[in-house]
Every structure is written in structure tokens, then in C-alpha cells.
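Please look through the sequence and the structure shown below before reading on.

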Amino acid sequence: MRKIVFHMQTTLDNRIANAAGEFWEPFPWGEEETAYITGQFARADTWALGRTAYETIVPWWDRVARGENPGDGPLTAADHGFARRQRAMAKVVFSRTLRSTPERLVVGGDLVAELTALKREDGGDVILSCGPDTLAPLAAAPGLIDEYLFAVTPAVLSSGPRMFDGLTAGLGLELADTRVFDGGAIVARYRVVSPL
């Protein structure tokens, strides 16, 4: 059976975006951090995303994979490596408005059932990235999410969505791996050991 690994960038106070729904500054994330996350993603062959996460993240990295530079700054070898890694992954998008295409499978309805079925398929890990409204019922489903991979940046925001807003059941976690970077970011991987 495959593992489902939830992944999200977060601040120290677990905010995944500012009040405008955007990343915060400063955002100390560079080549070393990107290369490390690419290594974590190498365990997976599928990326399941909420619609907002999909529309924010995937098109940007797809442009990098095509050799374009969608940002203001220079791209690194690690950026190109992550772009190629994510481009090779199957995409599953949670949405009631998008339609499936050759690049993505769109699912709606009972996401716990959809992810449970995906988990039972053969293959590598499934990376899961979504906002709190989607995460809350998935995190509360016993045995669905196996691990949490947090990329924590040294910032605290006064407003914006928190990763675990709306969670209805506690989680017991065990630290499996951690990496501290010179820029101040921390990537921590936790295994789910029990509900609380």
C-alpha cells in the first residue's frame, strides 16, 4: 500500500499564506532547500492537490520545466530539478469546477474515499497539498494520511489561513526526519502514530 504524505510550506505559527492568499516575505528558500524537497518528492509518483494549490503551484513549475522563467530572479539548477520532478508526477486535483485533462485527473465528492482508493493502488508515495478546508476532514480520517512533511520558514503572520484550521480530531506524530538550513528554514517529516 502506498503512503500519503501531506506537504506544505508554513510559517512558525502554521500559516500557509498571508491574508491576501500569497506567500510572505522574507521567504528564505534557496537552492539547498529546493534540492532537499526534490529528494523528498522523489519517493512519490503522484501529487494530489486542492484546486487552489494546483492553480498556484503547478503552472509556475510547469513553465520552469519548459525552460521559461516565470519569476523575477534567476533560476537555479535545483529549481530545474524540482520542475522536472514535479512535471513527471501524475496530478490529482480536488475540484468541483475543473475538468480532467491528459495532465490531471480531477476528483470531487468524497475525497476520503478517493484518496483511500488511490492509496491502495500500486506505486510510489502520494504527496498531498491542500488548504485547511480540505485538509481537516482528510487529517481526521483514521489511517488516511501517513506522514506530514512541513517546510517551516522563520516568519510569523498576524493573519491568513492556518494549516490545521477546522481540524476536528487531534493527531499524535513522531519525528522521522529533520533538516535545518542556514537561511533559517526547517524541513521536518513526521509519521502519524495515533489519533488523540
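## The model and its largest pocket

The model is a predicted one, and every value in this report was computed from it. Rolling a probe the size of a water molecule over the atoms shows where empty space is left. The largest pocket holds about 1,500 Å³ of space, and 50 residues line it, of which Gln9, Phe23, Ala53, Thr56 and Ile57 lie nearest its centre.

Several elements give two or more residues each to this lining, namely strand S1 (4-11), helix H1 (31-41), strand S2 (44-50), helix H2 (51-65), helix H3 (77-88) and helix H5 (132-140). The largest share comes from H2, which supplies 7 residues. When the lining residues are sorted by class, 23 are nonpolar, 19 are polar and 8 are charged.

## H2 against H3

The axes of H2 and H3 lie 8 Å apart, and the two helices pack at an angle of about 115°, which means that H2 is roughly perpendicular to H3. The crossing in which H2 passes H3 is left-handed.

On the H2 side, the contact is formed by Val58, Trp61, Asp62, Val64 and Ala65, and these meet Asp79, His80, Phe82, Ala83, Gln86 and Arg87 on the H3 side.

## H1 against H3

H3 also packs with H1, and here the axes come within 8 Å and cross at roughly 20°. H1 and H3 are therefore roughly parallel to each other, and H1 passes H3 in a left-handed crossing.

From H1, the residues that make the contact are Glu31, Thr34, Ala35, Ile37, Thr38 and Phe41, while H3 contributes Ala77, Ala78, Asp79, Gly81, Phe82 and Arg85. Sorted by class, the contact of H1 with H3 has 6 nonpolar, 3 polar and 3 charged residues.

## H4 against H5

Which residues of H4 and H5 meet? Leu111, Val112 and Leu115 in H4 meet Thr134, Pro137 and Leu138 in H5. The contact of H4 with H5 has 5 nonpolar residues and 1 polar residue, with no charged residues.

Technical notes. Residues are numbered from 1 along each chain as its sequence is written. This is a predicted model: local features need pLDDT of at least 70, side-chain atom pairs count only at pLDDT 80 or more; totals for chains, interfaces and linings use all residues. Side-chain values use heavy atoms; hydrogens and water are left out. On a 1 Å grid over the protein atoms alone, a cavity is a set of points where a 1.4 Å probe fits but cannot get out, and a pocket is an open set with protein on both sides within 12 Å along at least five of seven lines; lining residues have an atom within 4 Å of a point. Grid points are joined across faces, edges and corners, and a volume is the space filled by probe spheres set on the points. Helices (H or I, at least four residues) and strands (E, at least two) are DSSP runs, numbered from the N terminus. Ala, Val, Leu, Ile, Met, Phe, Trp, Tyr, Cys and Pro count as nonpolar, Asp, Glu, Lys and Arg as charged, and the others, Gly among them, as polar. Axes are lines fitted to C-alpha atoms, for helices over the stretch in contact, and angles run from 0 to 180 degrees between N-to-C directions. Angles under 35 degrees count as roughly parallel, over 145 as roughly antiparallel, 65 to 115 as roughly perpendicular and the rest as oblique. A crossing is left-handed if the near helix is turned anticlockwise from the far one by less than a right angle, and right-handed if clockwise. Contact means heavy atoms within 4.5 Å.
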